[in-house]
Amino acid sequence: MGKFKVGMIGCGFIANGKHLYAMTQRDDVEVVAFCDLVLERAQASAKQYGTPDALVCQDYREVVTREEIDVIYVCTPNSTHAEITVAALNNGKHVMCEKPMAKTSAEAKAMVDAAKASGKKLSIGYQNRFREDTLLLKSLCDQGELGEIYYAKAFALRRRGVPTWGVFMDKEKQGGGPLIDLATHALDMTLWMMDNYEPEVVLGSTFDKLGKLGSPANGMGPWDPAAYEVEDAAFGLVRFKNGATVMIESSWALNMVSTNEAMILLAGTKAGADMFPPEGQPRDGLHVRINGEQNGKLYVRNYAAGSGLYDKSGKREQFAGSIKEANAWFDSIRDDTELVVKPDQAYVVTQILEAIYQSAASGEAVRMG
Ligand SMILES: NC(=O)c1ccc[n+]([C@@H]2O[C@H](COP(=O)([O-])OP(=O)(O)OC[C@H]3O[C@@H](n4cnc5c(N)ncnc54)[C@H](O)[C@@H]3O)[C@@H](O)[C@H]2O)c1
């Protein structure tokens, strides 16, 4: 097989910051098309990462219909994920779509169906699955170290971390705030660890208390309160068919000192686990902590996972896991092997997030399928 020929749709923050860098570390990938509504962004990405004669355009249809392209990346705002992904699949392309999978579960279902009908691969950009701490915890779960996991928490909490670029505060374009944007990662990690994709009942609350006030202390610069249309915090409780229960906590702005993002806590019959550093120690890359009882004594065991969301100096790594994500993706296409991040799994994440929004709006619990 020759080189993969890739088309990038949406040439903003995530395309440049994560995917283009990660995929071009491989010598069997060529990026041959760049599309963005803002032509200069497509041109700039093409200049840095593209082949000399790469297509640069503003209409994604030019990319998805281009014969030579095998793989499409969808890195546009959430409201466009389904339309572009389905069009690409229908044109016989493999698709890596950024998270969240889609704005609604109906859109996500259309993506799953299009992937099945086309026989092409579809995956979602959950790079946190490929962090070293996540992979270590997943292997412990798969080996049965925790026993049956019946309680978990998915953390997506920022004290003040409203994304101020792009369209993140635009409800129509994004579908929501921290829940759909951040909690999608932590919930994906949680379900993957528990290997439980059968939610039964969902209860949720959303708040818009601080977003409309604005904050000069925001980590990503001040935002315009008048343009802030989404929730600033959201919380959910999910009970699964087997009784297992997951709590989801998410915020872009919340008065809480102890915040954690893309982190999870699991409690099983044999042991519990979380991804926090040892008590009182800095976030220095040690993020798997197992607790339990052995010979009548309680224990806590810290695993050195190498790297987690934070590097060894405690600085947050941008898109930790992204090179492994790219390698897993292209290897699975090349070898026609199972994907790590399967569309059916991301579909269930989408359903749960949507149910939390529905429950928050109606004040009622939402029963699922
Ligand atoms: N995996 C992660 O951790 C992570 C982090 C940040 C963003 N994201 C996701 O990536 C997506 C994009 O976010 P971003 O931060 O890169 O935003 P961004 O605004 O920096 O980039 C999006 C780009 O898409 C372009 N665009 C919009 N509609 C288009 C269309 N119809 N056709 C072609 N181009 C179009 C915009 O002009 C913009 O340049 C979002 O879905 C977001 O949730 C994921």
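Asn78 sits in the loop between β4 (71–74) and α4 (81–90), with helices (H or I, at least four residues) and strands (E, at least two) taken as DSSP runs numbered from the N terminus. This is a predicted model, where local features need pLDDT of at least 70, side-chain atom pairs count only at pLDDT 80 or more, and totals for chains, interfaces and linings use all residues. Residues are numbered from 1 along each chain as its sequence is written, and side-chain values use heavy atoms, leaving out hydrogens and water.

At a relative accessible area of 3%, Asn78 is buried (under 20%; exposed is over 50%, partly exposed in between, with a 1.4 Å probe and protein chains only). Leaving aside residues up to four places away in sequence, Asn78 touches Lys99, Pro100, Lys103, Lys173, Gln174 and Ile180; a contact here means heavy atoms within 4.5 Å.

Then there is helix α1 (residues 13–23), whose buried residues are Ile14, Ala15, Lys18, His19, Leu20, Ala22 and Met23. These span an arc of only 165° around the axis, so they lie on the same side of α1; the arc is that of the directions from the helix axis to the C-beta atoms. Among the elements covering them are β1 (4–9), α2 (39–49) and α9 (322–335).

As for aromatic rings, the whole structure holds seven pairs (Phe, Tyr and six-membered Trp rings with centres within 6.5 Å; planes under 30 degrees apart are stacked, over 60 edge-to-face, the rest tilted). Phe13 and Trp165 have ring centres 4.6 Å apart and planes at 55°, so this pair is tilted. Phe13 is in α1 and Trp165 in the loop between β7 (149–157) and α7 (171–174), 152 residues apart.
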